[in-house]
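Dear colleague,

Please find the structure below, handed over for your records. My notes on it follow.

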Amino acid sequence: MSRLAALPRRLALLRPLRRTCAIRSYSTASEQRLDNRVKIVEVGPRDGLQNEKNIVPLATKIELIERLAKTGLRTIEAGSFVAPKWVPQMANSSEILSHILTTPPASPHPLTYSFLAPNMKGLSNAFAILDQHPSSFSTESNPLPSKPFLEIAVFASATETFSQKNLNSSIAASLESFRAVISAAKETPYNLRVRGYISVVLGCPFEGYDVSPHRVAEIATELLEMGADEIALGDTTGMGTAPRTKDLLNCLRSAGIRNEDVAMHFHDTYGQALVNTAVALEHGIRTFDASVSGLGGCPYSPGATGNVATEDVVYFMESLGMDTGVDLDGVAEVGDWISKELGRGNGSTVGRAVLGQRKRKQE
């Protein structure tokens, strides 16, 4: 039996599968180190909405975040401080951050909200909001009761062509600009956690499948040395396959990058997101990005469809005996709601099944 085929049986031995929300509990910091604890980063409000053709009202974005906050998720990507002319959908991220600080969404535990800030101008715009509410957010050095944690994210590219299309600069130049962003974000009084995205790690829409895992490892290492706390590896095109996902993670391990410093960000363009998730899970990765209802796509990646659905990831993980801490029924309801708000079909297979089963029981 292969290691991957044996994964469900081995993980099932860790703890009994929990099938109902009623007995779900939320872990303490020490419990998060257990091997069956998985962190899901919800990227729907930012990565999920950024490619919608029609501008989503601010009230809808805020309500989406507030609904997601109640489901047990611990990190929500809420906005992006980028130039509105490049990504118009993110034009009201300042208002979203202000709302989070002044009226923190109700949640069963402290939440981290992540905002992209790809350059110093974007970071300065975020700081302007934080300066207006200096006691309204927690930091790792100063956690405040009932106050949200904040995270800044930067995003590099694994190929030169995508870097030029996405950031209008070379990989080297973009990394140099991130150095100042990361340094400033970590300075007092902000002391913000920083996440470093690397896009197109398993396939580029312009350069094809042959993305060098060694180049990805080099970029990841450089971001970590700058002070980034986590590297999110983005299969932006959804071109990743199980063998290439395994090769990439093995390359990062050989470069000395720890599993706990890595998150996986899969798109489901070719229906391989959960397969690749299983490979990463077996490798020891325990942080995965997902988007409610499978929302998403990339403005700079022609043909790329949505992120893997949060509902699908939660169901998949818990079927293996992993602990996500997320209420599947709750997130399925959010996915159904936002799909209707956007006038689009629900992109989550599991979400549709959960809601269909509930409807049958009510008939």
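Which helices do the buried residues of α13 pack against? They pack against α11 (310-319) and α12 (328-342). Please bear in mind that the model is predicted.

Helix α13 itself comprises residues 349-362, 14 residues in total. From its first C-alpha to its last it reaches 20 Å, close to the 20 Å expected at 1.5 Å a residue. Its buried residues are Val350, Gly351, Val354 and Leu355. These cover an arc of only 130° around the axis, which puts them on the same side of α13. An α-helix has 3.6 residues a turn, so residues three or four places apart point the same way. The other side of α13 carries the exposed residues Thr349, Lys359 and Arg360. At the start of the helix, a side-chain oxygen of Ser348 comes to within 3.4 Å of the backbone nitrogen of Val350.

I turn next to the nonpolar core. The largest such core has 101 residues, and the members that touch the most other members are Tyr113, Ile198, Leu223 and Leu233. In soluble globular proteins, nonpolar side chains tend to be buried together. If neighbours within four places in sequence are left aside, the contacts of Leu233 are Ile198, Val201, Val216, Leu248, Leu249, Leu252, Val262, Ala263, Met264 and His265.

Ile198 is also touched by Ala220, whose other contacts are Ile231 and Ile257, not counting residues up to four places away in sequence. Ala220 lies in helix α8 (residues 213-226). With a relative accessible area of 0%, Ala220 counts as buried because the cut-off is under 20%. The C-alpha atom of Ala220 is separated by 7.9 Å from that of Gly196, although the two residues are 24 apart along the chain.

Two cysteines deserve a note. Cys204 is buried, at 1% relative accessibility, and Cys251 is buried as well, with a relative accessible area of 11%. The structure holds zero disulfides.

His109 is found in the loop between α4 (93-102) and β3 (112-116).

With kind regards

Methods. Residues numbered from 1 in each chain as written. Predicted model: local features only at pLDDT ≥ 70, side-chain atom pairs only at ≥ 80, totals over all residues. Heavy atoms only, no water. Helix = DSSP H or I, 4+ residues; strand = E, 2+ residues; numbered from the N terminus. Expected span 1.5 Å × (residues − 1). Buried < 20%, exposed > 50% of the residue type's maximum accessible area, 1.4 Å probe, protein only. Arc of directions from axis to C-beta. Contact = heavy atoms within 4.5 Å. Polar contact = N/O pair within 3.5 Å; in protein donor to acceptor, adjacent residues only side chain to side chain. Core = buried A, V, L, I, M, F, W, Y, C linked by side-chain atoms within 4.5 Å. Disulfide = S-S within 2.5 Å.
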